[in-house]
Amino acid sequence: MADVKYKRVLLKLSGEALAGDKKVGINDDIVKEITSKIKEISDMGVEVGIVVGGGNFWRGRTSEKMDRVTADHMGMLATLMNALALSDALEQHGAVTRVLSAVECRQMAEPYIKKRAVRHLEKGRIIIFACGTGNPFFSTDTGAALRATEIGADIFLKATMVDGVYDKDPNKYPDAVRYEKITHDEVLSSNLKVMDATAAALCRDNGTKIYVFSMEDPENIVKVIKGENIGTLVE
């Protein structure tokens, strides 16, 4: 095994990250670049689970009249589309993958079973979790926190468009300060918007570490695995 800091990880990708500058749909070049780095860390001996959002296809209700449960179910289907796209791109790089869905869809994905997921990881397969928790009213961040805890991930890697956790929005305030390390309690008490409160509390209550880093350069996935300090550790 290569010199890596983490043996088993849960990587959370936003749906928007797959769209690139197009903002919607899937950018093949971006997906190819991201999946090449995921395959690289897998080849280093890291067991990789992935949760991907669906915001490049569907985000919330199209109107206030739409039922929230219906809207969330549509969002789950968007994550399944992204999971299938990631699976296909990874397999083009020579990886072995499995898509596991929280909502039964046997023609396209295996049903999520915790022991099955862990077994896939132990065999070196890259697994992609689709459809969040399978329940409405919960974000994909919460789904990722849940899966990270269930599979016993060494760390929950949250890939964002910002290079860590700041004391205030760095896009609005030039004097914003990035934290190198922060506690779960500080994230929640200061409402730092790392992720939604349900996901943050779940990680805190189960001792799941979070590392927040930027996905603007997909090479950062490899850098994090090697232990380079390029983001913020929440523990």
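## Close-ups of a predicted model

**View 1. A patch of negative charge sits on the surface.** Asp28, Asp29, Glu33, Glu216 and Asp217 come together here as a surface patch of negative charge. Bear in mind while you look around that this is a predicted model. With a relative accessible area of 59%, Glu216 is exposed. Is Pro218 buried or exposed? Its relative accessibility is 7%, so Pro218 counts as buried. From Pro218 to Ala159 it's 59 residues along the sequence, but 9.4 Å through space, C-alpha to C-alpha.

**View 2. Nine strands line up in an open sheet.** Follow the order β4-β3-β5-β2-β1-β6-β10-β11-β9, and you'll have walked across the sheet, whose pairing is mixed. At the edges are β4 (110–111) and β9 (181–182), and each of these pairs on one side only. Pick out β1 (residues 8–13) and β6 (residues 155–160) along the way: these two pair in the parallel sense, over four bridges. To spot one of the contacts, find Val9, whose bridge partner in β6 is Ile155.

**View 3. Strand β5 is tucked inside.** How many of the five residues of β5 are buried? Five of the five are, so the strand is largely enclosed by the rest of the structure. Look at which way the residues point: Ile126, Ile128 and Ala130 go one way, Ile127 and Phe129 go the other, and all are buried. Strand β5 has β2 (residues 47–52) as a parallel partner, over three bridges. It also pairs with β3 (residues 97–101), again in the parallel sense, this time over five bridges. Phe129 is a handy landmark here: it is the bridge partner of Val51, and the bridge partner of Leu100 as well.

**View 4. Two residues have a positive phi without being glycine.** Start with Cys131, where phi is near 70 degrees, a positive value in a residue other than glycine. You'll find Cys131 in the loop between β5 (126–130) and α5 (140–150). Cys131 is buried, with a relative accessible area of 3%. Now hop over to Asn191, which isn't a glycine either, yet has a positive phi of about 50 degrees. Asn191 belongs to the loop between α6 (184–189) and α7 (197–206). Its relative accessible area is 48%, which makes Asn191 partly exposed: the exposed label needs over 50%.

**View 5. A salt bridge ties helix α1 to a loop.** The whole structure has 20 salt bridges, and one of them joins Glu16 to Arg59, with the closest N and O atoms 2.3 Å apart. What parts of the chain does this pair link? Glu16 is in helix α1 (residues 15–19), while Arg59 is in the loop between β2 and α3, 43 residues apart. Glu16 is partly exposed at a relative accessible area of 29%, whereas Arg59, at 60%, counts as exposed. Glu64 is found in the loop between β2 and α3 (68–92) too. With a relative accessible area of 80%, Glu64 is exposed. Between the C-alpha atoms of Glu64 and Thr97 there are 38 Å, and the two residues are 33 apart along the chain.

View 6. Glu110 and Arg98 meet through their side chains in a salt bridge of 3.4 Å, N to O. This pair connects distant parts of the chain, since Glu110 is in strand β4 and Arg98 in strand β3, twelve residues apart. Arg98 counts as partly exposed, at 25% relative accessibility. Over in helix α4, the side chains of Glu122 and Arg119 form a salt bridge, also given as 3.4 Å, N to O. Why are these two about one helical turn apart? Because Glu122 and Arg119 are three residues apart in helix α4 (residues 114–122). Both are partly exposed: Glu122 at 46% relative accessibility, Arg119 at 45%. Elsewhere, salt bridges with shared partners join Lys7, Arg8 and Glu47 into one network.

Conventions: Residues are numbered from 1 along each chain as its sequence is written. Side-chain values use heavy atoms; hydrogens and water are left out. Patches are made of residues with over 30% relative accessible area and no salt bridge: like charges are joined within 9 Å, nonpolar side chains (Val, Leu, Ile, Met, Phe, Trp, Tyr) within 5 Å. Accessible areas come from the Shrake-Rupley method with a 1.4 Å probe; for residues, only the protein chains shown count as cover. A salt bridge is a side-chain nitrogen of Lys or Arg within 4 Å of a carboxyl oxygen of Asp or Glu. Lys and Arg count as positive and Asp and Glu as negative; His and the chain ends are not counted. The place of a charge is taken as NZ of Lys, CZ of Arg, CG of Asp or CD of Glu. Buried means under 20% relative accessible area, exposed over 50%, partly exposed in between (1.4 Å probe, protein chains only). Two strands pair if DSSP finds at least two bridges between them.
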